[in-house]
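Thanks for making the time this morning; I would like to walk through one model with you, going from a loop to the ligand and then on to some helix packing. Please have the sequence and the structure open while I talk.

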Amino acid sequence: MTKIVITGASGQYGRMATDRLIAKGLGEDLILITRTPSKLEDRKRQGCDVRYGDFDKPETLVEAVRGADKMLLISGTRVGARIPQHKAAVDAAAAAGVSHIIYTSFVNVEESNPAIVAIDHRETETLIKASGCAWTFLRDAHYADAMILNAGPGFIASGVWLSSTKGGREAMVWREDCVDCAVAVLTQEGHENKAYPVTGPNRENFEDVAAMLSEACGKKIKLVETDDDGMYAHFDALGIPREPVDDQSVAGIPWNSDDMVSFERAIREGALDICTDDVEKLTGRKARSVRDLIEANKEFLRQVAIDTSA
Ligand SMILES: NC(=O)c1ccc[n+]([C@@H]2O[C@H](COP(=O)([O-])OP(=O)(O)OC[C@H]3O[C@@H](n4cnc5c(N)ncnc54)[C@H](OP(=O)(O)O)[C@@H]3O)[C@@H](O)[C@H]2O)c1
């Protein structure tokens, strides 16, 4: 039996991946890593092997990954501090004889991409390639749900979507589609030493998305263009820290503005203007669109508009 170890197993991505692998009858082949095993009691009952491991304590990871054949390395959440964390996981995998590391990377990891998230992903890819393990890089585009369901309610409430993207485009992808691709790579043959840009089906700018959101929620959302300083001032006023802080969230979202301002710049400069059919190639079905996500959450978005219009 092939044993699969998953880091970040208690997070949104990790939970979805675990659910799908359990549904395929692989629950007893899963090793799930968390800093707080009590969070994954449900998984123990489903037959998974839940183990303690902390990216910040490399010594915990060798034991945590022991016996695994494949690793789904779900990138950590502390943007800018992930290289040593991921190095610890990759070193542990190599030491434990893991043969294949599947890593959740970012749609464009080239140096020309100004998004600061690209740095951690680029360096991590380099570390994985140097580890001696086979690799697959799932280069995920911007998650549509992060934009529509996390940031969207704020746009609906204020009627304003402030942006510095100046018409730049990206092909946002459903996080669930990204997870389905990971499951495909974990359970199929032939994905070793390949990188897949995992994107949605359409290249859209924020004007397009604001129009779709307005139509769905029944309230006009105006896209207002600003520059990087304007974005920083906006995020500062919301109390969002410039640098990432572990376990700190504003309005339930672990924002940090250095990340988001550079992300907007990347869109503006065309660095995220990438669209592939890799979701279909990997899963056998078409990627779902931003419009599909908005439609699927129309009632929620309408309710936000009603609640914030009073
Ligand atoms: N492309 C995009 O637009 C986009 C958007 C959002 C996220 N992402 C990527 O997707 C990844 C997963 O997102 P998510 O929503 O699933 O995150 P999440 O729900 O916040 O979960 C984060 C996970 O990371 C684990 N973790 C955090 N610090 C750790 C540490 N020191 N050692 C070990 N594990 C640690 C946590 O495990 P425990 O607390 O159980 O230890 C938790 O399971 C993110 O890191 C990011 O790279 C991409």
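Let me begin with asparagine 193, which is found in the loop between H7 and strand S8, the latter covering residues 194-198. Please keep in mind throughout that this is a predicted model. Asparagine 193 has a positive phi of about 60°, although it is not a glycine, and with 11 other C-beta atoms within 10 Å it is exposed.

Lysine 166 is not a glycine either, yet its phi is positive, at about 50°. How does lysine 166 count, as buried, exposed or partly exposed? It counts as partly exposed, because it has 15 C-beta neighbours inside 10 Å.

Now to the ligand, which is surrounded by 24 residues, the closest being Gly11, Tyr13, Thr34, Arg35 and Ser75. By class, that shell is made of 13 polar, six nonpolar and five charged residues, and the element that gives the most to it is helix H1 (residues 12-23), with three residues.

Turning to valine 65, its place is in helix H3, which runs over residues 58-65. Valine 65 counts as buried because 26 C-beta neighbours lie inside 10 Å, and, leaving aside neighbours within four places in sequence, it is in contact with Val5, Met71, Ala92, Ala93, Ala96 and Val98.

Next comes helix H13 (residues 298-307), in which Leu301, Val304 and Ala305 are buried. Seen down the axis of H13, these buried residues fall within an arc of 100°, so they line one face of the helix. What covers them includes helix H6 (144-158), helix H8 (206-217) and helix H12 (290-296), whereas the face of H13 turned away from the buried side carries the exposed residues Glu299, Ile306 and Asp307.

Finally, a helix pair. Two packed helices are described by the angle between their axes and the distance between the axes. For helix H9 (residues 228-237) and helix H10 (residues 257-268), the axes come within 10 Å and cross at roughly 150°, and the crossing of H9 past H10 is right-handed. On the H9 side the contact is made by Asp228, Met231, Tyr232 and Phe235, and on the H10 side by Ser257, Met260, Val261, Glu264 and Arg265. By class, this contact of H9 with H10 has five nonpolar, three charged and one polar residue.

Key:
Residues numbered from 1 in each chain as written. Predicted model: local features only at pLDDT ≥ 70, side-chain atom pairs only at ≥ 80, totals over all residues. Near = placed C-beta within 6 Å. Helix = DSSP H or I, 4+ residues; strand = E, 2+ residues; numbered from the N terminus. Nonpolar A, V, L, I, M, F, W, Y, C, P; charged D, E, K, R; others polar. Buried ≥ 20, exposed ≤ 12 C-beta atoms within 10 Å, placed from the backbone. Contact = placed C-beta atoms within 7 Å. Arc of directions from axis to C-beta. Axes fitted to C-alpha atoms, helices over the stretch in contact; angles between N-to-C directions. Left-handed = near helix turned anticlockwise from the far one by under 90°.
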